[in-house]
Amino acid sequence: MKTKFFTLIAICILCAGTSFAQWAEFPFDENVMDINENLQATASPAGLSFVEDAERGMVLEFDGEDGFITLGNSAYNHDAVSINVWFNWMVEEHVWWVRVFDFGEHIDNEPEDPRDVLFVTLFAWDAIQWNIHQGASMAPGTDSTLRTADPIELNTWHMLTTVHSANEAKLYLNAELVQAVTLEDVPPSSLTFVDLFIGKSNWPDALFQGRMDQLTIWDKALSEEEIAELFSPSSETFVRSEKRLDARIFAANGMIKVLLPETSSSASISVYNVLGSEVQRMVNVGSSTEFTGLQSGMYIVRVTDSANKVATQKVLIR
């Protein structure tokens, strides 16, 4: 079982002298709270559950019938916004217009009044599409669409990143640039939203069915290098082998402690920061190991024993 040590405190991560601090971060390990306490979030009364995923540990599962999240209206009130989320679309057949997220105003019928709309959808034949629309949502206005050329693979994890500044929008999938478009002075803060949903549309479309993990929002435009760093931990530290190690990994008294099960005589342990950089490593470790001298922040611990069983865990040092 995965022990949870996330608390509601702000986290600031510095990498190579550049501020990489998230404005809002939702680990989706045991609740839908922003651990930075900048953004309100509310879970639907039903349709959401936290489950153990073979690749990403504890994640949030959407049932496709009732489950969604509502974010506070301040999510997009910045001169630039970057959103990053891991998602797994768990369906067996094509479903159009299902949302990863949708910021706009709840629509019961065709609107005639001006309104702004921004959403990422799983479009026809499983392509990913990002729409940014300023003005009447069913009439001419400032409209930008970014879309993957090929279908995405279903029932597998993907990292989605949207980067929106006043004069440019960029869509990334698995840290690869999908498309970039030029905007005519449309900063995020110029858009007005009433209903901001994760996993739900502002139109009467089907709800998202599958899993999400690690939703993060920045009040800046991420660079390609920073997005690549976000993707690195998934391939290096989150993906487990087919054999899972039941090690205990937790933070206590300013340190990270790892306890191996009795069936494991030795192991190699690496500690990564959230950008995927290895900060400490020990090999041929016995039954109990402690990592000290780490700064406050979030870390990812990977343990591999002599039988190639693997455990990964996100922990927070306060």
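In this predicted model, strands β20 (residues 267-273) and β23 (residues 297-305) run antiparallel and are joined by 7 bridges. One of the residues involved is I269, whose bridge partner in β23 turns out to be V303. The pair belongs to an open sheet of 4 strands, laid out in the order β21-β20-β23-β24 with antiparallel pairing. At the edges sit β21 (278-285) and β24 (310-317), each of which pairs on one side only. Going from strand to neighbouring strand in this sheet, the average turn is 15°, direction ignored.

Moving on to helix α1, which covers residues 224-238, I227 is found here. I227 has a relative accessibility of 0% and therefore counts as buried, the cut-off being under 20%. Setting aside neighbours within four places in sequence, I227 is in contact with M159, T161, V163, Y172, A175 and L222. As for E176, its C-alpha atom lies 8.7 Å from that of I227, although 51 residues separate the two along the chain.

Another buried position turns up in a strand. N88 is part of β8, which spans residues 81-89, and its relative accessible area comes to 6%, so N88 falls in the buried class as well. What does N88 touch, once residues up to four places away in sequence are left out? The list takes in N155, T156 and W157, and also F208, Q209, G210 and R211.

Note on methods. Residues are numbered from 1 along each chain as its sequence is written. This is a predicted model: local features need pLDDT of at least 70, side-chain atom pairs count only at pLDDT 80 or more; totals for chains, interfaces and linings use all residues. Side-chain values use heavy atoms; hydrogens and water are left out. Helices (H or I, at least four residues) and strands (E, at least two) are DSSP runs, numbered from the N terminus. Buried means under 20% relative accessible area, exposed over 50%, partly exposed in between (1.4 Å probe, protein chains only). Contact means heavy atoms within 4.5 Å. Two strands pair if DSSP finds at least two bridges between them. Axes are lines fitted to C-alpha atoms, for helices over the stretch in contact, and angles run from 0 to 180 degrees between N-to-C directions.
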